[in-house]
Amino acid sequence: MHAMWRPRTYKYVYIVVVMYVLTITLPHSVAVYWAFGDVLLTHSNAFSVFQKSLPRDIGLIFMIIHQVLLINIQISRFQFWIMLMKTM
């Protein structure tokens with residue numbers, strides 16, 4: 001909501017996020033699909049084409065932590081609005 005009320009304060013954050021996506025996320029995604037394109041036609045998860053190793057496991061752990069945190073943030077925001085509506 002803050003970005004809607006004061007968008008000027010977030011322009012640097014948006015620039016950093018766009019640069020992150022363009023320089024890290026997209027090239028790695030293209031590299032994986034270029035190297036394992038035919039294998040990924042039969043696998044639904046890109047991590048399944050990598051050999052079992054410590055870096056792959058660390059990536060999976062970080063992804064799971066990221067998902068858990070985001071789900072908890074969304075649930076807590078939803079519960080906040082429910083509590084707010086009950087007080088009115």
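These legends accompany several close-up views of one predicted model.

The model is predicted, so local features are taken only at pLDDT of at least 70 and side-chain atom pairs only at pLDDT 80 or more, while totals for chains, interfaces and linings use all residues. Residues are numbered from 1 along each chain as its sequence is written, and side-chain values use heavy atoms, with hydrogens and water left out.

View 1. Let's begin with pLDDT, the predictor's confidence in each residue, from 0 to 100. The chain averages 82, and 93% of the residues score at least 70. Helices here are DSSP runs (H or I, at least four residues), numbered from the N terminus.

**View 2. Helix α2 and its bend at V21.** Helix α2 covers residues 11–35, which makes 25 residues. From its first C-alpha to its last it reaches 35 Å, close to the 36 Å expected at 1.5 Å a residue; the expected span is 1.5 Å times one less than the number of residues. At V21, α2 bends by about 35°, where the bend is the angle between axes fitted to the seven residues ending there and the seven starting there.

**View 3. The aromatic cluster of F36, F47 and F50.** Two aromatic pairs turn up in a search of the whole structure. Rings of Phe, Tyr and Trp (its six-membered ring) pair if their centres lie within 6.5 Å; planes under 30 degrees apart count as stacked, over 60 as edge-to-face and the rest as tilted. The rings of F36 and F50 have centres 5.7 Å apart and planes at 85°, so this pair is edge-to-face. Because F36 lies in the loop between α2 and α3 and F50 in the loop between α3 and α4 (54–87), the pair ties together parts that are 14 residues apart in sequence. F47 and F50 also pair edge-to-face, with centres 6.2 Å apart and planes at 75°. F47 is buried at 19% relative accessibility, whereas F36 is partly exposed at 27% and F50 is partly exposed at 30%. Buried means under 20% relative accessible area, exposed over 50% and partly exposed in between (1.4 Å probe, protein chains only).

**View 4. The salt bridge of R56 and D57.** The whole structure holds one salt bridge, meaning a side-chain nitrogen of Lys or Arg within 4 Å of a carboxyl oxygen of Asp or Glu. The side chains of R56 and D57 meet at 3.4 Å, N to O. R56 is buried, with a relative accessible area of 15%, while D57 is partly exposed at 32%.

Definitions and conventions
Helix = DSSP H or I, 4+ residues; strand = E, 2+ residues; numbered from the N terminus.
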